[in-house]
Amino acid sequence: MTAEVFTPTVAVTMTPSAVKHVRKQLDKKPEAKGIRLAIRKSGCSGFKYETQWVDEATPDDRIFHIDGVDVFVKEEHLPLVNGIEIDFVTEGVNSMFQFRNPNATAECGCGESFTVA
């Protein structure tokens with residue numbers, strides 16, 4: 001009898017619009033290696049997404065290679081973002097990242113924060 005090691009698959013994806021936006025920004029920041037998707041406690045629902053430019057990976061980073069863009073996520077944040085799709089949208093004169101998280105069970109009314117059960 002042999003034992004199998006099961007490693008769950010974690011997924012982070014980006015739309016073509018998000019990839020295009022990040023690539024354009026990285027072209028202006030030659031020191032940056034990619035973008036970090038971070039989570040912090042905030043708002044009325046519990047957690048908030050943050051994006052930051054990454055100059056160096058840390059030992060606890062998981063790196064997702066998506067169409068030539070590296071997305072860095074801390075190991076501790078993986079359960080909160082597994083399956084997330086990152087989009088970049090323009091609404092009127094505002095452009096922003098939009099996060100479609102299948103694990104989010106609730107979001108606050110202003111869209112600032114989310115809950116994962």
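The largest cavity in this structure has a volume of about 40 Å³. The structure is a predicted model, and a search of the whole of it finds one cavity of 30 Å³ or more.

The lining of the largest cavity consists of Met14, Ile35, Arg36, Leu37, Thr51, Ile86, Phe97 and Phe99. By residue class, six of the lining residues are nonpolar, one is polar and one is charged. Two strands, S2 (34-42) and S7 (94-100), each contribute at least two residues to this lining. The largest share, three residues, is supplied by S2.

Some of the lining residues lead on to the sheet. Strands of a sheet pair through backbone hydrogen bonds, in either a parallel or an antiparallel sense. Here three strands make up an open sheet with the order S1-S6-S7, and the pairing is mixed. Strand S1 (12-14) and strand S7 are the edge strands, each with a single partner, so one side of each has no neighbour in the sheet. On average, neighbouring strands of this sheet are turned by 25 degrees against each other, with direction ignored.

Within this sheet, S1 and strand S6 (residues 84-91) are paired in the parallel sense, over three bridges. Met14 stands opposite Ile86 in S6, and both Met14 and Ile86 belong to the lining of the largest cavity. Helix H1 (residues 16-28) packs on the sheet, where it touches S1, S6 and S7. The direction of H1 makes about 75 degrees with that of S6.

The aromatic residues give another view of how the parts are connected. The structure holds three aromatic pairs. One of them is formed by Tyr49 and Phe99. Their rings are stacked, with 4.4 Å from centre to centre and 25 degrees between the planes. Tyr49 lies in strand S3 (residues 46-54) and Phe99 in strand S7, so the pair ties together parts that are 50 residues apart in sequence.

Terms used:
Residues are numbered from 1 along each chain as its sequence is written. This is a predicted model: local features need pLDDT of at least 70, side-chain atom pairs count only at pLDDT 80 or more; totals for chains, interfaces and linings use all residues. Side-chain values use heavy atoms; hydrogens and water are left out. On a 1 Å grid over the protein atoms alone, a cavity is a set of points where a 1.4 Å probe fits but cannot get out, and a pocket is an open set with protein on both sides within 12 Å along at least five of seven lines; lining residues have an atom within 4 Å of a point. Grid points are joined across faces, edges and corners, and a volume is the space filled by probe spheres set on the points. Helices (H or I, at least four residues) and strands (E, at least two) are DSSP runs, numbered from the N terminus. Ala, Val, Leu, Ile, Met, Phe, Trp, Tyr, Cys and Pro count as nonpolar, Asp, Glu, Lys and Arg as charged, and the others, Gly among them, as polar. Two strands pair if DSSP finds at least two bridges between them. Axes are lines fitted to C-alpha atoms, for helices over the stretch in contact, and angles run from 0 to 180 degrees between N-to-C directions. Contact means heavy atoms within 4.5 Å. Rings of Phe, Tyr and Trp (its six-membered ring) pair if their centres lie within 6.5 Å; planes under 30 degrees apart count as stacked, over 60 as edge-to-face and the rest as tilted.
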